[in-house]
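Subject: Structure handover

Hello,

Please find the structure below, for your files. My notes on it follow.

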Amino acid sequence: MRLSQLPWNTLKETPAEAEVVSHQLLLRAGLIRRLTSGIFTWMPLGLRVLRRVEQVVREEMDRAGALEILMPAVQPAELWQETGRWDRYGDLLLRIRDRHERDYCFGPTHEEVITDLARRELRSYRQLPVNYYQIQTKFRDEIRPRFGLMRAREFVMKDAYSFHLDQASLDESYATMAGAYGRIFTRLGLRFRTVEADSGEIGGSRSQEFHVLADSGEDAIAYCDADGYAANVEMAPTFAPRGPRAAPAATLTRVATPASRTIGEVSGLLGVPAQRCLKTLLVEGADGGLVALALRGDHTLNAVKAERLPQVAKPLAMASPERILALTGAPTGFAGPVGLAVPLVADHAAGKLADFVAGANADGFHHTGVNWGRDAAEPVCADLRNVEPGDPSPHGGPLQIARGIEVGHIFQLGTKYSQAMKATVLDHDGQERVMTMGCYGIGVSRIVAAAIEQNHDAQGIVWPGPMSPFDVMLLVLNPKNSDAVTAAAEKLYLQWRQAGLEVLLDDRDARPGVKFAEADLLGIPHRVVIGERGLKDGVVEYRHRRDGAEEKVAISDALAFLIRNRDAGAAA
């Protein structure tokens, strides 16, 4: 591709709307353009990146034995009503009506559509297992689209769905997909981790997420290099501290804590460390009442774990200030376990506290010297908190926490959708059996953003080779001043393309400084510069985008040099 024939516009200033690096650089480098909130146009250079990601995904899915199809983006409401998700999915579902007043949605996912296809097409166990996949545009009506492609309303996704006669077959396909995903992200040149995860809205018995590691990631990942454990923080368990709880040594005392509601404020006022304070959170209960959740002051509630408690309403909802006032007689921030007349569940660490500080259920007051069993009833204990660095993994090693961007998720759905939609086949004995399902998603467009979050510097994007829009960028310095330089550049451009290199030729009549800056912004891994001085010496200047070191390469050796470096980068 010749830049002189491409209306490519870059931006010097960072757009005000762009909050994260990937959004900023995608806009500045002219790879995408915003149409409206959470919806973007892919420009020619950006689309090349997206297509390269798609190609790797497609090759590995085909290699794993999956069959590519393309399902409609617009889905009839009747299918979603069969599974009950028409109402449950909520406002994320973009609902539309046709001229006959029939209800449809723009698909955010395709479990219902693929299950409908399977119940029509699959009749016998002999047709199983089968895995269908597609690469297609999805739409989820996010209440606050943000971070560009990271949380867009319209996005490109690879979703696959497998059908099986039994759990053993599902386990086999699930493992095959996990392997395929690992190869996809490895081939794309991304640093990633596979973690145990919560199945969320999709449902099912087991799921794993694939996270690109980046400091800007929305998700926290707990991992242990010593024993290989990794899980989303939502799923990582915590354990009760070893040893018995200390015996009470302090007297229960009510102390004034005016205007001190938070753990930090109370800890500072009383000179007590946060880990000796109790955080009492009131949430809606499953029976319509309230439930108290108690944590150590330095710990954070894990909403997924809390929602699993049978006493707690689903979805998890914090009690309103009005309900808290009616129960405790005090505003938010002063609740505590002493005399609290609602069910209370304490985190394992909170259950081991002695002589601790807690709210006194009175405006402007806390208790010191609180002890379980003496001042407050012995609590039911459960795992309620997020893990922290240094906590033990389930295998005993010390956990570390990293940030990650979820780019893939695989699920064992079981019969959640096939049972609801009566998707059956005849088994070996001619009896109807409900099929067991797996589901496997990859955020194709999100991968593009995640790669930038992981691979950038102050000058711009630093593409991993397999994702770059081109293999090499050939910059021609002052082409209008030298016909010889232009002719040499054209010869190299054609020669390299014929040899299989993807080449972007910057043949514009622009200042060298502009060309260098925009080449760095775009981030193509290999940059070659040809100018009048180098041509006289029979060399070009080569620079790798990541390490920045420049070296002179003989023009006659340039092709072999580039292919060697490209292939080495792809294998790294």
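Strand β18 (residues 365-370) pairs with β17 in the antiparallel sense, over 4 bridges. Strands here are DSSP runs of E with at least two residues, helices are runs of H or I with at least four residues, and both are numbered from the N terminus; two strands pair if DSSP finds at least two bridges between them. Ala 358 has His 367 in β18 as its bridge partner.

This pair belongs to an open sheet of 3 strands in the order β13-β18-β17, with antiparallel pairing. β13 (253-256) and β17 (356-362) are the edge strands, each pairing on one side only. On average, neighbouring strands of this sheet are turned by 35° against each other, direction ignored (axes are lines fitted to C-alpha atoms).

On provenance: this is a predicted model, in which local features need pLDDT of at least 70 and side-chain atom pairs count only at pLDDT 80 or more, while totals for chains, interfaces and linings use all residues. Residues are numbered from 1 along each chain as its sequence is written, and side-chain values use heavy atoms, with hydrogens and water left out.

For the protein as a whole, there are 16 helices and 30 strands. The C-alpha trace spans about 90 × 70 × 50 Å along its principal axes. Of the 572 residues, 52% count as buried, meaning under 20% relative accessible area with a 1.4 Å probe, protein chains only. Among contacts (heavy atoms within 4.5 Å) with a separation of 6 or more, 69% are between residues 24 or more positions apart.

Regards

Definitions and conventions
Buried means under 20% relative accessible area, exposed over 50%, partly exposed in between (1.4 Å probe, protein chains only). Axes are lines fitted to C-alpha atoms, for helices over the stretch in contact, and angles run from 0 to 180 degrees between N-to-C directions.
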